[in-house]
Amino acid sequence: MALALSLGQRGQGTCWPNPAVGCVVVHDGRIVGRGWTQPGGRPHAETEALRQAGEAARGATAYVSLEPCSHHGKTPPCAEALIAAGVSRVVSAIEDSDPRVAGQGFAMLRDAGIEVTTGVLADQAARDHAGFFLKTEQGRPFVTLKLASSFDGRIATSSGHSQWITGSKARRVVHAMRARHDAVMVGAGTARADDPSLNVRDLGIDNQPVRVVVSRHLDIPLIGQLARTAAQIPLWLCHGPSPDPERARAWEGLGATLIPCALNDHQIDATDLLQQLGQAGLTRVFCEGGSALAASLLAEDLVDELVGFSAGLTIGAEGLSAIGSLGLETLNSAPRFELLEARAVGPDVLHRWTRSFR
Ligand SMILES: NC(=O)c1ccc[n+]([C@@H]2O[C@H](COP(=O)([O-])OP(=O)(O)OC[C@H]3O[C@@H](n4cnc5c(N)ncnc54)[C@H](OP(=O)(O)O)[C@@H]3O)[C@@H](O)[C@H]2O)c1
């Protein structure tokens, strides 16, 4: 199952709106098939692993990191494929919360006389599939908030200078993290200050994550990296009810997708923003700030994981705080996270924190 889970992770960031599943088929103690959900969400992991196994699937055990699907979607149900292949046992990590499946995949297998074991490495599976489950259950994607800050928790100087706070090794890790998410998102302040391209570089990947920029009136520079690459790499601009019509036309002409969102207190409503992204199919969003967007997401309890890179420099009180105003008076109402990991990356420190997500 550990292998099935790690194979499943290979699909993260490329197979949305489907879950990133892994499957291993074992016959007489030998691995005869391995598969994971392919880019675009099809073929499914089971189909891939069974195809590899061929006749060796008969009488074998299939380890699957999520309950095999039981409904006819764009592909026939994986539970049917496992039955047809003649496997004698299915070991699954966790039940699918999609109401079209929700236990029916297991029931279908049991009805066909297949032995079914569930709940193996379920905690790890819940973490891996958290984005898919959140989208199914709450309509929004999993949100990772990543910020690179100085020792004193600043993400830019008072003039907006932030490149680069951390070293090249940390930036390389960030690119690998981007690749594991369906989308990379920033606020318009970051798009205006940094002219970012928000793509994955130097990792040789074929499927770039969607870039998402949040701006009420589409006040994003029409000359710059985002505009230059809008036709090649998906760029979604989340705007308010009355964007600047000329800018809207210009961005559409460049190839960007415009997504209207509701306003709340003169800013884009963070809850509606994520609902819109969930409706568009995203399961995992990597938000890279800045300070204001980070605060909006945290204030609405919409951040599932924090990723911090802390560097050995100090910027001082006039620098930009990593997180904008949260309006808190007591610690009781401060969003709290549990430590997942802390390690050195080159000269910087990486720390990851989780909100309990199930
Ligand atoms: N070190 C790091 O990790 C890091 C990461 C990112 C950014 N930065 C730095 O941070 C600075 C930018 O941060 P920032 O706080 O000024 O800007 P930001 O959070 O990137 O963007 C804020 C802007 O986004 C738009 N927006 C729309 N709805 C919003 C909502 N609900 N909540 C927040 N913003 C919303 C608004 O622009 P509209 O008026 O267009 O709607 C708002 O002014 C830059 O200096 C950048 O270099 C550093």
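First, the ground rules. The model is predicted, with local features needing pLDDT of at least 70 and side-chain atom pairs counting only at pLDDT 80 or more, while totals for chains, interfaces and linings use all residues. Residues are numbered from 1 along each chain as its sequence is written, and side-chain values use heavy atoms, with hydrogens and water left out.

I start with strand E6, residues 142-149. Helices (H or I, at least four residues) and strands (E, at least two) are DSSP runs, numbered from the N terminus.

How many residues of E6 are buried? Eight of the eight, so E6 is largely enclosed by the rest of the structure. Phe142, Thr144, Lys146 and Ala148 point one way, Val143, Leu145, Leu147 and Ser149 point the other way, and all are buried.

Now the partners of E6. Two strands pair if DSSP finds at least two bridges between them. E6 and strand E14 run parallel, joined by four bridges, and in this pairing valine 143 is opposite valine 285. E6 also runs parallel to strand E15, residues 305-310, with six bridges. Here leucine 147 faces glycine 308, and serine 149 faces serine 310.

E15 is mostly covered, with five of its six residues buried. E15 pairs with strand E18, residues 348-354, in the antiparallel sense over six bridges.

Next, helix H6, residues 130-138. Its buried residues are Ala130, Gly131, Phe132, Phe133, Leu134 and Lys135. What covers them? The cover includes helix H5, strand E6, helix H11 and strand E14. So that the word is clear, contact means heavy atoms within 4.5 Å.

Glutamine 138 is also in H6, but it is partly exposed, because its relative accessible area is 44%. Not counting residues up to four places away in sequence, glutamine 138 touches Phe133 and Gln275. The C-alpha atoms of glutamine 138 and glutamine 275 are separated by 8.3 Å, although the two residues are 137 apart along the chain. After H6 comes glycine 139, with a positive phi near 80°.

On to the aromatic pairs. A pair of aromatic rings is described by the distance of the centres and the angle of the planes. The rings of Phe, Tyr and Trp (its six-membered ring) pair if their centres lie within 6.5 Å; planes under 30 degrees apart count as stacked, over 60 as edge-to-face and the rest as tilted.

The structure holds two such pairs. Tryptophan 16 and tryptophan 236 are edge-to-face, at 6.0 Å centre to centre and 80° between the planes. This pair links distant parts of the chain, 220 residues apart: tryptophan 16 is in the loop between helix H1 and strand E1, and tryptophan 236 is in strand E10. Tryptophan 16 is partly exposed at 22% relative accessibility, whereas tryptophan 236 is buried at 10%.

Phenylalanine 132 and phenylalanine 133 have ring centres 6.3 Å apart and planes at 50°, so this pair is tilted. Both of these phenylalanines are buried.

Last, the cavities. On a 1 Å grid over the protein atoms alone, a cavity is a set of points where a 1.4 Å probe fits but cannot get out, and lining residues have an atom within 4 Å of a point. Grid points are joined across faces, edges and corners, and a volume is the space filled by probe spheres set on the points.

There are two cavities of 30 Å³ or more. Of its 14 lining residues, Asn18, Pro19, Ala20, Thr283 and Arg284 are the closest to its centre.

The second largest cavity has a volume of about 40 Å³. Its lining includes Ala191, Asp195, Gln225 and Leu226. Helix H9, residues 225-229, gives the largest share of that lining, three residues.

Serine 197 touches two of those lining residues, Gln225 and Leu226, as well as Arg211, leaving aside its neighbours within four places in sequence. Serine 197 sits in the loop between helix H8 and strand E9 and is buried, at 15% relative accessible area.

Terms used:
1 Å grid on protein atoms, 1.4 Å probe; cavity = no way out; pocket = protein on both sides within 12 Å on 5 of 7 lines; lining within 4 Å. Buried < 20%, exposed > 50% of the residue type's maximum accessible area, 1.4 Å probe, protein only.
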